[in-house]
Amino acid sequence: MNLIVNGNETNVDGELTVNELLTEQNVKMPEMVSVELNGQILRRSEFESTKLNEGDAVEFLYFMGGGHASERATD
Amino acid sequence: MPLSEQQIERYSRHIILEQVGGAGQEKLLSSKVLIVGAGGLGAPAGLYLAAAGVGTIGLVDADSVDLTNLQRQIIHHTSDLGVEKVASARNKMQAINPEVTVETYHIKATADNIRKIIPGYDFVIDGTDNFPAKFLINDACFFERIPFSHAGILRFEGQLITVLPRETACYRCIFHSAPPAGAVPTCSQAGVLGVLAGVIGSLQATEAMKYLLDIGDLVTNALLTYNALTLEFRKVRLNRNPDCPLCGENPQITELTDEEQTICDLNDSKH
Ligand SMILES: [Zn+2]
């Protein structure tokens, strides 16, 4: 299935939920990420149940402070 | 008030811009911008807005200049170590442009004091370094209906959004609330490329000036992200979130309160 993740075309195997995509994309601290799916911000409680479809545009938006004091969610 | 000859000379590079002109410069001179956080982001914003002749600039910061600040907070000099950041910043801004009034607030912004400070300002720049302050500024600007620029920087990346409260997507439309307790196991120092603060803080000043002059398009309903390593800017389109706890359809936040610091104690942190 082809998705657009943070603006990049990304191919993933099989069906995925948002939670599974977060894992697949190596997001280590999903609590530090907001997810936008096709222009709408998802509720955190929907990460588990929301299945992704071919062509979906997904954006991971990260909490960012002022330069230190919070570790970013991925490497 | 008509511009003096000296002002016409000082601001000549603005005045010759068709979109600014003498009228625009007069508008800037009678405008008021509040900068919360006189650190990495606030430094370039304060310097450029003072140079531009924004008539009144407020600075809110409870900290004093520390050696670790000097790598990126270019408004503070080595000779300012130990000096209150608001005083240090005011000195540089007035050295650049003595006709700018700089109001200083040597306090930590809280729900109690912020609502007394921001009314009367035309635009607010969030140059703070921690999430409770960022939510506080978002909420205070919502209740007081004052447009503001939010920004964050980390390592080699930065982000920016301008919010016109009740009209365009707010910080809580994207980030509902601070991350849950325990989300971040350690309060490790992630670091930041110094110049990143200059890039993003300058963009915040740009947004303030565009708003004051009513020119161009603001970064509203979009999060601008910047990656210094790839030198890529992206605009992630956003909509107002009907679920937003502040500006959504069923708001849970109906009065200004301090967001609890759930990540780690940032009391000792420097901007
Ligand atoms: Zn909102």
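Contact is taken here to mean heavy atoms within 4.5 Å, and it is in this sense that B:Gly46, B:Leu47, B:Ala50 and B:Ala51 in helix H4 of chain B meet B:Lys92, B:Met93 and B:Ile96 in helix H5 of chain B.

By class, the contact of H4(B) with H5(B) comprises five nonpolar residues, one polar residue and one charged residue. Helix H5(B) spans residues 85-96, and the two helices pack at an angle of about 30 degrees, with their axes 8 Å apart. Because angles under 35 degrees count as roughly parallel, H4(B) and H5(B) are therefore described as roughly parallel to each other. Their crossing is right-handed.

Helix H4(B), which covers residues 42-51, also packs against helix H9(B), residues 194-213, and here the angle is about 40 degrees and the axes lie 7 Å apart. That angle makes H4(B) oblique to H9(B), and the crossing of these two helices is right-handed. On the side of H4(B) the contact involves B:Pro44, B:Ala45, B:Tyr48 and B:Leu49, which meet a series of residues in H9(B), namely B:Ala197, B:Gly198, B:Gly201, B:Ser202, B:Ala205, B:Ala208 and B:Met209. Sorted by class, the residues of this contact are eight nonpolar and three polar, with no charged residue among them.

A further contact of H9(B) is made with helix H3(B), residues 21-29, the pair packing at an angle of about 115 degrees with their axes 9 Å apart. Since angles of 65 to 115 degrees count as roughly perpendicular, H3(B) and H9(B) are therefore assigned to that class, and their crossing is right-handed. The residues that meet are B:Gly24, B:Lys27 and B:Leu28 in H3(B) and B:Met209, B:Leu212 and B:Leu213 in H9(B). Four of the residues in this contact are nonpolar, one is polar and one is charged.

The strands of chain B include an open sheet of eight, in the order E3-E2-E1-E4-E5-E6-E7-E8, with mixed pairing. The edges of this sheet are formed by strand E3(B), residues 101-105, and strand E8(B), residues 232-237, each of which pairs on one side only. Direction ignored, neighbouring strands of the sheet are turned against each other by 15 degrees on average. Within the sheet, strand E1(B), residues 32-36, and strand E4(B), residues 123-126, pair in the parallel sense over four bridges, and B:Val33 stands opposite B:Phe123 in E4(B).

Helix H4(B) packs on this sheet as well, touching E1(B), strand E2(B), residues 56-60, and E4(B), and the direction of the helix makes about 165 degrees with that of E1(B). Helix H7(B), residues 131-144, lies across E1(B), E4(B) and strand E5(B), residues 148-154, and runs at about 170 degrees to E5(B).

In chain A, five strands form an open sheet in the order E2-E1-E5-E3-E4, again with mixed pairing. The edge strands are E2(A) and E4(A), each pairing on one side only. Strand E1(A) pairs with strand E2(A), residues 8-11, in the antiparallel sense over four bridges; within this pair the bridge partner of A:Leu3 is A:Thr10 in E2(A), while A:Ile4 stands opposite A:Glu9 in E2(A). The hairpin of E1(A) and E2(A) has two residues between the strands, and in this hairpin A:Asn6 takes a positive phi near 50 degrees.

As to the confidence of the prediction, the mean pLDDT of chain A is 86, and 87% of the residues of this chain reach 70 or more. The highest confidence in chain A is given for strand E1(A), residues 2-5, at a mean of 96, and the lowest for strand E4(A), residues 40-41, at 94. Over residues 67-75 of chain A, pLDDT stays under 50, and for this stretch the model has 44 contacts beyond four places in sequence.

Key:
Residues are numbered from 1 along each chain as its sequence is written. Chains are lettered from A and ligands numbered from 1 in the order in which they are written. This is a predicted model: local features need pLDDT of at least 70, side-chain atom pairs count only at pLDDT 80 or more; totals for chains, interfaces and linings use all residues. Side-chain values use heavy atoms; hydrogens and water are left out. Axes are lines fitted to C-alpha atoms, for helices over the stretch in contact, and angles run from 0 to 180 degrees between N-to-C directions. Angles under 35 degrees count as roughly parallel, over 145 as roughly antiparallel, 65 to 115 as roughly perpendicular and the rest as oblique. A crossing is left-handed if the near helix is turned anticlockwise from the far one by less than a right angle, and right-handed if clockwise. Ala, Val, Leu, Ile, Met, Phe, Trp, Tyr, Cys and Pro count as nonpolar, Asp, Glu, Lys and Arg as charged, and the others, Gly among them, as polar. Two strands pair if DSSP finds at least two bridges between them. pLDDT is the predictor's confidence in each residue, from 0 to 100.
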